[in-house]
Amino acid sequence: MSLPDLTSDCMNCAALCCVSLVLDKGKMFAIDKPAGKPCPNLGGHLCTIHESLENEGFKGCTLYDCAGAGQRVTQERFNGESWRDAPELLPAMMRDFANLRPLHERLTMLVAAEKYSLTPELEERRQQLIRKTSRIWSDSPTAKEAFDAFIRDLRTHAGS
Ligand code: SF4
């Protein structure tokens, strides 16, 4: 089964999390930052305080994982281009990243579901969902409904 990479790869990403996500000053982040503004700790596409995030007040960044959505949007939707060189790309990059990340989280859950010794029917649904979710770039009510139904049935199966 062909799966996108579900592990974040910052070297092949245009720092989409560090530019597109909102930071709220508090326990998790030392600063406020709106969506669409690059974090001041960003140097190019990499975090300049990566080794000391927690000490610098950015514990929230250590807890975040894009599940591979960042590099996939950068490479597959934008051919490796970046908002750094072409700022007009930023809104579309942010939109695609926001759309894809929940789908990659879903894929991560579907992959992990393999460990539950699934019935043939559940395993077939799991594989179908992985195939379909791997092909789409944004959610749809039908895709969400099918995933939610699978998780409900998986919970029943795991609890039985
Ligand atoms: S502190 Fe580093 S990891 Fe966190 S948003 Fe800023 S650049 Fe990104």
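Which residues is Thr-74 in contact with, leaving aside its neighbours within four places in sequence? In this predicted model, the partners of Thr-74 are Asn-12, Cys-13, Ala-14, Leu-16, Asn-79, Gly-80, Glu-81 and Met-93. Contact here means heavy atoms within 4.5 Å. Residues are numbered from 1 along each chain as its sequence is written, and side-chain values use heavy atoms, with hydrogens and water left out. Because the model is predicted, local features need pLDDT of at least 70 and side-chain atom pairs count only at pLDDT 80 or more, while totals for chains, interfaces and linings use all residues.

The protein chain has six helices and two strands. Both kinds of element are DSSP runs, numbered from the N terminus: helices are H or I with at least four residues, and strands are E with at least two. Read from the N terminus, the order is α-β-β-α-α-α-α-α. The C-alpha atoms fill a box of roughly 50 × 35 × 25 Å, taken along the principal axes. Of the 160 residues in the chain, 34% are buried. A residue is buried under 20% relative accessible area, exposed over 50%, and partly exposed in between, using a 1.4 Å probe and protein chains only. Among contacts in the chain with a separation of 6 or more, 67% join residues 24 or more positions apart.

Helix α3 spans residues 69-77, and its buried residues are Ala-69, Gly-70, Gln-71, Arg-72, Val-73 and Thr-74. These buried residues pack against α1 (16-20), α4 and α5. Thr-74 lies in this helix and has a relative accessibility of 2%, so it counts as buried. Ala-69 also lies in α3. The relative accessible area of Ala-69 is 0%, which means that this residue is buried. Leaving aside neighbours within four places in sequence, Ala-69 is in contact with Phe-97, Leu-100, Arg-101 and His-104. Ala-69 and Asp-9 are 60 residues apart in sequence, and their C-alpha atoms are 9.1 Å apart in space. After α3 comes Asn-79, with a positive phi near 50°.

Helices α4 and α5 were examined as a pair. Helix α4 covers residues 90-112 and helix α5 covers residues 120-135. Their axes come within 10 Å and cross at roughly 155°. Axes are lines fitted to C-alpha atoms, for helices over the stretch in contact, and angles run from 0 to 180 degrees between N-to-C directions. The two helices are therefore roughly antiparallel to each other. In this scheme, angles under 35 degrees count as roughly parallel, over 145 as roughly antiparallel, 65 to 115 as roughly perpendicular, and the rest as oblique. The crossing of α4 past α5 is left-handed. That term applies if the near helix is turned anticlockwise from the far one by less than a right angle; clockwise is right-handed.

On the α4 side, the contact is made by Leu-103, Leu-107, Leu-110 and Val-111. On the α5 side, Arg-126, Leu-129, Ile-130, Thr-133 and Ser-134 take part. By class, the contact has six nonpolar, two polar and one charged residues. Ala, Val, Leu, Ile, Met, Phe, Trp, Tyr, Cys and Pro count as nonpolar, Asp, Glu, Lys and Arg as charged, and the others, Gly among them, as polar.

Most residues other than glycine have a negative phi. Ala-15 has a positive phi of about 50° although it is not a glycine. Ala-15 sits in the segment before α1 and is buried, with a relative accessible area of 5%. Ser-117 likewise has a positive phi, near 45°. Ser-117 lies in the loop between α4 and α5 and counts as exposed at 61% relative accessibility.

Another loop residue is Asn-41, between α1 and β1 (42-43). At 17% relative accessibility, Asn-41 counts as buried. Not counting residues up to four places away in sequence, Asn-41 touches Leu-46, Cys-47, Thr-48, Ile-49 and Phe-58.

The cysteines were searched for disulfides, meaning pairs of cysteine sulfur atoms within 2.5 Å. The whole structure has zero disulfides. The sulfur of Cys-10 is 6.3 Å from the closest cysteine sulfur, in Cys-17, which is too far for a bond. Cys-10 is partly exposed at 49% relative accessibility. Cys-18 is partly exposed too, with a relative accessible area of 24%.
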